Amino acid sequence: MPPPSPSSPRTCFRPILALVLAGLAIQGHADPPPPALQGLWLMGQSLCEGSESLPLVTTTPSPWGNWMFQRGVRTWASGSWAARPEGRPAGDFVLVPLRASMNGGTGETIANGLADHLKATLPGAASQPGQDPHYLVAYAGQGGRGIEELSIADQSADPRTPQVKQHGGGYYATSLDDARRAVVQAKARGQDFAITALVWMQGEANGGPTGGVVPCRWEAELPAPKGQEWYRDRLVSYRKQWSDDLRAITGQAGEIPLFTYQTLGAAGHAQLMAADLEPHLYMVGPHYMVPSAINSRYANRHGDGIHLAADGERWYGEQIAKVVRRVLIEKEDWQPLRPKRAALEEGRTSVRVEFTVPRPPLVLDETCLPRQQSTAGKPGTFSSLAGFQLRNQSGAVIALEAAKLSSATQVRLKLAAPLPPGDQIKVSYGVPYFGAVGRITAVRLIPTVEGQPATTELVVAPEGSLISLRLAEGTCYIANQAPAAAATRAPIRDLREEDGKIVIRIENRELRNQVPFLEGQTLVAHRAFSYGNLRDSDPEKAVYAFGDRGYGTRAGQPYPLWNWCVLFNSFLVDELSP
């Protein structure tokens, strides 16, 4: 994968007219006045639809007066009108107060966090619940969909699509029809309607098995960087077409900006590339800091690690809203926390990495998230630390001894040994592991209780320095270190100490590929997402707090809206700093 480009400051002019027509220039002299009803249009796959984000944490209507359609935030549904959204009953589009809703295995979305934070932090009187503008949120995608399935190409309707994925298509058409319905609703209320921002949460479905990008279900994987360039260009053109088609419906002038998260894998870097290339496309940042759906509970089961807990959805919605406001109202030249330059220091014993930091100073935070670390074998050395990993030109890992801040915008990575002359190295950021647990000394199959899932207890003798498996954010995974065929993992469902050993309870149905753990295997702990400990010091206050008391220890605490460093791979380290 090619290194991320430098901070790429945006120098293009942002037309004031576009801001006014987006409904965000709220000063009294604005002419024409901003629409009282403004749209936040969402598109993406499972993280955008709130897959397994349960139980709900937003159970009451928006206190800021924001809206959704009667049919809910999720406006697309399989069935008669999937590919013909214009046939949906008009009664489904009456405006009702925005709130979360459960539909089978889908629950909380980013909608309330996004709309309510944006409304609550508007300048002046506009932040008050009874004052215009108010936001209407609509999402028309579906989990597990590639970018071309969600586009005007509507590939999900192609006969080459596997039968289990042929749900009628019509996602893009539904998003456009939602805008037509919103115009009708606004006119009935004597209001104008414009779409303020587009939000994109897709990319996982285009990830390839070897680290590249798969354009669609029946095409071969494109290796990085070619695959990333393909996704970059496709996302840029998607934003343009989506903006043009929606503006033709609403009648607003100026481009509609798109805000994307950073997904895991190759598509995540391609999203960052797209934000560097397109002046109306912004990278909000990663989502790895929010809790995973392995903490979710519904229908007597837990969620999958690739999804978000309900608090994670609402938290990330606030994160997006913060960036939307800073870009469109405060006119900030927004950049996520990202590397700008890396260089070897004199003596070749350390690497200094300089970052673009939205709100300095940098923080290496080991409180919000567990310290990321993977041991390198020799005591006191690490193959990855705080999320950072170094490799030489042959791909071999360079052992680290420490990761420390050297200034408000710099991190110094101390090498375990001086780098040999001539070696060229690259730095990456984002590893899921946070420590060794120990060796399994016994495996206990627990008798099944009627109505409850089958469980197993692993008795583990701690090895080395004991790490905490009781995380403030909730549960985590344990995994063995066996060869591929015997490799397995499962979330920890209960934990206790017994005669100096750790007893870990897992649910058998959550074993990866149903491969069991075996006595004698060594266990490591890891989070659901690759991550690191580097964040900024953004002081922005959240309007919501952790609401799910069923896991972790954060219930009642406001969501922290710091900006965490983007995931990156193979960022070139210069030979020597100046």
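**View 1. Pro-361 in the loop between strands S11 and S12.** In this predicted model, Pro-361 is found in the loop that runs between strand S11 (350-356) and strand S12 (363-364). The peptide bond that leads from Pro-360 into Pro-361 is cis, and its omega angle is near 5°.

**View 2. The cis peptide bond at Pro-55**. Leu-54 and Pro-55 are joined by a cis peptide bond with omega near -5°, and Pro-55 itself lies in the loop between helix H2 (46-49) and strand S2 (67-69).

**View 3. Arg-348 and its positive phi**. Although Arg-348 is not a glycine, its phi is positive, at about 55°, and the residue lies in the loop between strand S10 (338-344) and S11. Because buried means under 20% relative accessible area, Arg-348, at 13% relative accessibility, counts as buried.

**View 4. Ser-570 within strand S28**. Ser-570, which is not a glycine, has a positive phi of about 55°, and its place is in strand S28, made up of residues 568-572. With a relative accessible area of 17%, Ser-570 is buried.

**View 5. Helix H7, residues 310-328**. The 19 residues of helix H7 reach 27 Å from the first C-alpha to the last, close to the 27 Å expected at 1.5 Å a residue. Since 19 of the 19 residues of H7 are buried, the helix is largely enclosed by the rest of the structure.

**View 6. The second largest pocket**. This pocket holds about 360 Å³ of space, and of the 18 residues that line it, the closest to its centre are Gly-474, Thr-475, Ile-492, Arg-493 and Gly-552. By class, the lining has seven nonpolar, seven polar and four charged residues.

Notes: Residues are numbered from 1 along each chain as its sequence is written. This is a predicted model: local features need pLDDT of at least 70, side-chain atom pairs count only at pLDDT 80 or more; totals for chains, interfaces and linings use all residues. Side-chain values use heavy atoms; hydrogens and water are left out. On a 1 Å grid over the protein atoms alone, a cavity is a set of points where a 1.4 Å probe fits but cannot get out, and a pocket is an open set with protein on both sides within 12 Å along at least five of seven lines; lining residues have an atom within 4 Å of a point. Grid points are joined across faces, edges and corners, and a volume is the space filled by probe spheres set on the points. Ala, Val, Leu, Ile, Met, Phe, Trp, Tyr, Cys and Pro count as nonpolar, Asp, Glu, Lys and Arg as charged, and the others, Gly among them, as polar. Helices (H or I, at least four residues) and strands (E, at least two) are DSSP runs, numbered from the N terminus. The expected span of a helix is 1.5 Å times one less than its number of residues. Buried means under 20% relative accessible area, exposed over 50%, partly exposed in between (1.4 Å probe, protein chains only).
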